[in-house]
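Hi everyone, thanks for making time for this. I'd like to walk you through one structure today, so let me put it on the screen.

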Amino acid sequence: MVLARHNPQSWFTEYQTDSLNLGFRIDEILLHEKSPFQDVLVVRTETYGRLLALDGAVQTTQGDEFVYHEMITHVPLFMMAAPKKVAVIGGGDGGSIREILKHASVQEAHLVEIDGRVVSAARQFFPEISCALDDPRAQVHLADGIEWVRQARDYDLIIVDSTDPVGPATGLFSPDFYQSIAEALAPGGILVAQSESPYLHQALIKQMANGMRTAFSHVRLYLAAIPTYPSGLWSFLMASQHLPEPHARYLTTKIATRYWTPHIQSAAFVLPRFVEEFMTCDG
Ligand code: SAM
């Protein structure tokens, strides 16, 4: 449906908190329907190109998706010499799989998405994001990640590329789920999960970190600037049984990126003081 430029309906607004909205002027609604799991909306925004929202929350836009997808994948992948087997829980747009498969050592990249409608919408409206889902090394499982991970074994990296902790994603933020992931990882394996905004979701980030500490010896937070996510500053939690260090290959890689650089690999873990303080304070 093509929309008139000054029509008040020609805005998509994400209601981020009770007192904070982010509005995008849009010129077309490309898809709007209810899947069995959530409200699925694809619109064309004037500033960031096509945008996918689930239950009213921005998931990805053509304009800034590269930041999230590069940072949730390359930062942990460059902690390993030759990662072979990787899983993404959620992430139905396919952007994380696209980045993972840039690493030549990867033999299997499993996408475990609960909602097949997200995958089909991504294939139709975001071909540049979902393009690697047809790579022979990619396998798409339409399944609940909580169930799926219980039978998974020997993964070098498991990425939790989830929606916010509501609806089917709630269990993806629980200590039991982190324990299942610890059992699904190979020795030296790493868990990374998107962990929301350090401005708006401090209690959740701490709760996630504490949950991960029940199953892992080391938990670290890193950051990236993502303009279309609430507050614009986003965090990721990395958990492992050893303290991960970048493997030397990160300095000489020829992988094509737009946000990640070897300097960002290290700098992303340097935290502003207010983040360090809330991560270390009790309560
Ligand atoms: N980049 C995103 C963000 O932080 O906003 C996340 C993108 S991705 C589209 C999130 C996906 O997680 C959604 O497609 C949703 O259907 C999926 N999801 C939610 N709960 C799930 C579960 N229990 N198992 C597998 N996938 C799940």
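Let's begin with the ligand: which of the 24 residues around the ligand come nearest? They are Gln38, Glu113, Gly145, Pro168 and Tyr229. Please keep in mind that this is a predicted model.

Glu113 has an N or O atom in its side chain 2.5 Å from an oxygen atom of the ligand. For Asp144, a polar side-chain atom lies 3.0 Å from a nitrogen atom of the ligand. For Gln59, it is a backbone N or O atom that lies 3.3 Å from a ligand nitrogen.

Now let's step back to the domains. The chain divides into domain 1, residues 11–60, and domain 2, residues 65–280. Taken over C-alpha atoms, their centres are 23 Å apart. Domain 1 puts 23 residues into the contact, and domain 2 puts in 20 residues.

How do we put a size on that? An interface is often described by the accessible area lost when the parts come together. Here, domain 1 and domain 2 bury about 1,900 Å² between them. Carbon and sulfur atoms carry 67% of that area.

What about polar links across the interface? There are 5 residue pairs in polar contact between domain 1 and domain 2, counting pairs with both residues at pLDDT 80 or more. On the side of domain 1 that touches domain 2, the elements giving two or more residues are β1 (11–17), β2 (20–34), β3 (39–45), β4 (49–54) and β5 (57–61).

Last topic, salt bridges. The count comes to 11 salt bridges. One of the pairs links distant parts of the chain: Arg117 sits in helix α3 (residues 116–125) and Glu33 in strand β2, 84 residues apart. Their side chains meet at 2.3 Å, N to O. And across the interface of domain 1 and domain 2, the rule finds 1 salt bridge.

That's my tour, and I'm happy to take questions.

Note on methods. Residues numbered from 1 in each chain as written. Predicted model: local features only at pLDDT ≥ 70, side-chain atom pairs only at ≥ 80, totals over all residues. Heavy atoms only, no water. Domains from an automatic or database assignment. Contact = heavy atoms within 4.5 Å. Buried area = accessible area lost by both parts, 1.4 Å probe. Salt bridge = Lys/Arg side-chain N within 4 Å of Asp/Glu carboxyl O. Polar contact = N/O pair within 3.5 Å; in protein donor to acceptor, adjacent residues only side chain to side chain. Helix = DSSP H or I, 4+ residues; strand = E, 2+ residues; numbered from the N terminus. Near = heavy atom within 4 Å.
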